[in-house]
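This report is written for a reader who is new to protein structures. Please keep the sequence and the model in view while reading.

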Amino acid sequence: EISVRVARGVDGSVRMFPATENRHVSGILDLSLAPARISEELATEAGKIARRIAEGLDLIGILGVEMFVGRNGELLVNEIAPRPHNSGHWTMDACPCDQFEMHVRAVTGLPLPEPVRHSDAVMTNLVGPDDMALWPDIVATQCLIPHLYGKREARTGRKMGHVNVVFPFGSLPGEFGVQAALGPLAETAE
């Protein structure tokens, strides 16, 4: 699965973050890789689809468009989320203007900057209670950037927060590098 975050302002201006590759475990988003490891042509097509949906809905704000990539490279839209979304949380640490600021700018009529990505990124969700049991190791691991949501109870399957790992622009590692960077979360990420 890939997703595109598209913002549309009150003036009709449109900005898109790069496509993100998403992986799920038990129906919950587990890992997002930015940028998605897809061809430039496929990324361009995904952006065109997201833009058409945002304009067709006359959207004001930010929208996540999730798409399955078929075996022959065809894109099938499977979900839209008209709000900041988990698959865009990587923007918090890899972009000067993240999805939250872009949404606020869009709905308040402020100019929408180009969504510049200064780093490649991996985002993994912290799902309770198992991932939260790793909290001491997470905060002790250099390079993990944790974000908690302030939820009091870590129930099974509940997203309690997420962790971002950033890499120099253009150097998103392969599978072994991603797992190594996740440190104590590598065993839970698939």
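## Basis

This is a predicted model, in which local features need pLDDT of at least 70 and side-chain atom pairs count only at pLDDT 80 or more, while totals for chains, interfaces and linings use all residues. Residues are numbered from 1 along each chain as its sequence is written, and side-chain values use heavy atoms, with hydrogens and water left out.

## Strands

Helices (H or I, at least four residues) and strands (E, at least two) are DSSP runs numbered from the N terminus. Two strands pair if DSSP finds at least two bridges between them.

Strand β3 (20-25) has two partners described here. Strand β1 (residues 2-8) pairs with β3 in the antiparallel sense over two bridges, and S3 stands opposite T20 in β3. Strand β4 (residues 28-34) also runs antiparallel to β3, joined by five bridges, with V25 opposite I28 in β4. The hairpin of β3 and β4 has two residues between the strands, and S26 takes a positive phi near 55° there.

Strand β9 (residues 159-168) is mostly covered, since seven of its 10 residues are buried. Here buried means under 20% relative accessible area, exposed means over 50%, and partly exposed is in between (1.4 Å probe, protein chains only). Strand β7 (residues 119-127) pairs with β9 in the antiparallel sense over nine bridges. Strand β8 (residues 145-148) pairs with β9 in the antiparallel sense over four bridges. V163 in β9 is the bridge partner of T124 and also of P146.

## N164 in strand β9

N164 has its place in strand β9. Is N164 buried or exposed? N164 counts as buried, at 0% relative accessibility. The N164 side chain makes a polar contact with the side chain of D93 at 2.8 Å. A polar contact is a pair of N or O atoms within 3.5 Å; within protein, one must be able to donate a hydrogen and the other to accept it, and residues adjacent in sequence count only if both atoms are side-chain atoms.

Contact in general means heavy atoms within 4.5 Å. Leaving aside neighbours within four places in sequence, N164 is in contact with residues including H89, W90, D93, V122, C143 and H147.

## The aromatic pair

One aromatic pair is present in the structure. F17 and W90 form this pair, which is edge-to-face, with 6.3 Å centre to centre and 85° between the planes. Rings of Phe, Tyr and Trp (its six-membered ring) pair if their centres lie within 6.5 Å; planes under 30 degrees apart count as stacked, over 60 as edge-to-face and the rest as tilted. F17 lies in the loop between β2 (14-16) and β3, and W90 in the loop between β6 (75-81) and α2 (91-94), so the pair ties together parts that are 73 residues apart in sequence. F17 is buried at a relative accessible area of 3%, and W90 is buried at 0%.

## Cysteines

How many disulfides does a search of the whole structure find? The search finds zero, a disulfide being a pair of cysteine sulfur atoms within 2.5 Å. For C95, the nearest cysteine sulfur is that of C97, 8.3 Å away. C95 is buried, with a relative accessible area of 6%. For C143, the nearest cysteine sulfur is that of C95, 18 Å away. C143 is exposed, with a relative accessible area of 55%.

## Salt bridges

A salt bridge is a side-chain nitrogen of Lys or Arg within 4 Å of a carboxyl oxygen of Asp or Glu. The structure holds 10 salt bridges, among them the following.

| Pair | Closest N and O atoms |
|---|---|
| R15 and E114 | 3.3 Å |
| E21 and R37 | 3.3 Å |

R15 counts as partly exposed at 23% relative accessibility, whereas E114 counts as exposed at 53%.

E21 lies in strand β3 and R37 in the loop between β4 and α1 (40-56), so this pair ties together parts that are 16 residues apart in sequence. E21 counts as buried at 16% relative accessibility, and R37 is partly exposed at 38%. A network of salt bridges links E21, R23, R37 and E175. In the pair of D120 and R117, both residues are buried.
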